[in-house]
Amino acid sequence: MTDRIIAVKAVALTLSKQMTTEQAFQSIAANCLLQMTANRDGIRQQQDVESVHQMRIGLRRLRTLLALFKCVLPVPALLLQELTWLGTQLGAARDWEVLAGSTLALVAAQAPGDIGLDAVTLAAQALAQERHAAATAALNSARYTHLIEQVTAWIENGGWHDGMTARQRKRLGARMTACASAMLLRQHSRLLARGNKLRGASAGQRHRIRIAAKKMRYACDFFQDLYPARKMTPYLAALVRLQDTLGWLNDAAVADALLRQLQDQQSALAGSAGFVRGYLAARLLQGEKQSIRRWKKFTPIALPG
């Protein structure tokens, strides 16, 4: 029997305050890439749901890193385009797997009485498997292989040096501590600007706030070695609580869209899928109130710097 492959989470980062900005970037980028590639076999060989999740996190961390450093080093447009393609392949599988797994299980456990979720769950599982197969095909493709080769070479060989300005070269040679605070402040300001519109926000607006919170979380994870734990820990703890609530709200909003697809495509599921949508809508109201409470607790906490 083949040993089960375990999904790979991000390896703890170790940055030194003596690192240059370029050295820190290469270290973090290699860390993100390792998380991505280490989960490929779990997706391909065992159709592991958690491997999809962890590979997607690694990809999102890498894309967040590239966005943080875009003012320091140029990223090829084609590289960004291919990373977006990979994210689309993984995202479709992840959305259906969350619905078929945790979301419908939560509803089944908490909803009163028998609401006939078996058929909805089976349909969602079938579509999750289809999307997982499509993601596996993408990971088996020459396009994916070429992408990983390109990203690896770009990181290891410093492919950003071509076409850099003198100012950019100077910033790359400076200590990472000189850039990290500015990057964190910029991302924190973006999160505040979006989060201050949380009350009464639409699903799309909440999604953008969630993405800003997620990017802030990744940025803090990247640079936390550069700051005292007494400053970083309270900020990260409040941010994680906020992100958890926004994440659940997003899962519910995505579930609603997917359940609507099931209603449109399989009329026999219309009643049960409609009930789940109604149940999630009621839970959304509670989640919205909790997100506002957590936002109020997050905003007074000082940004490490």
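Author: The model is a predicted one. Glu-130 has a relative accessible area of 48%, and Arg-131 has one of 26%.

Reader: Is Glu-130 buried, partly exposed or exposed?

Author: Buried residues lie under 20% relative accessible area and exposed ones over 50%. Glu-130 has 48%, so Glu-130 is partly exposed.

Reader: With which residue does Glu-130 form a salt bridge?

Author: Side chains of opposite charge can pair when their charged atoms come close. For Glu-130, the closest N and O atoms of the pair are 3.5 Å apart, and the partner is Arg-131.

Reader: What separates Arg-217 and Asp-221 along helix α9?

Author: The side chains of Arg-217 and Asp-221 meet in a salt bridge, at 3.5 Å from N to O. Because the two are 4 residues apart in helix α9, the separation is about one helical turn.

Reader: How many residues apart in sequence are the parts that Arg-277 and Asp-256 tie together?

Author: Arg-277 and Asp-256 form a salt bridge whose closest N and O atoms are 2.8 Å apart. Arg-277 lies in helix α11 (residues 270-298) and Asp-256 in helix α10 (residues 229-265), so the parts tied together are 21 residues apart in sequence.

Reader: Which helix gives the largest share of the positive patch?

Author: The positive surface patch includes Arg-63, Lys-70 and Arg-186. Helices α8 (176-195) and α9 (203-223) each supply at least two of its residues. The largest share, 3 residues, comes from α8.

Technical notes: Residues are numbered from 1 along each chain as its sequence is written. This is a predicted model: local features need pLDDT of at least 70, side-chain atom pairs count only at pLDDT 80 or more; totals for chains, interfaces and linings use all residues. Side-chain values use heavy atoms; hydrogens and water are left out. Patches are made of residues with over 30% relative accessible area and no salt bridge: like charges are joined within 9 Å, nonpolar side chains (Val, Leu, Ile, Met, Phe, Trp, Tyr) within 5 Å. Accessible areas come from the Shrake-Rupley method with a 1.4 Å probe; for residues, only the protein chains shown count as cover. A salt bridge is a side-chain nitrogen of Lys or Arg within 4 Å of a carboxyl oxygen of Asp or Glu. Lys and Arg count as positive and Asp and Glu as negative; His and the chain ends are not counted. The place of a charge is taken as NZ of Lys, CZ of Arg, CG of Asp or CD of Glu. Buried means under 20% relative accessible area, exposed over 50%, partly exposed in between (1.4 Å probe, protein chains only).
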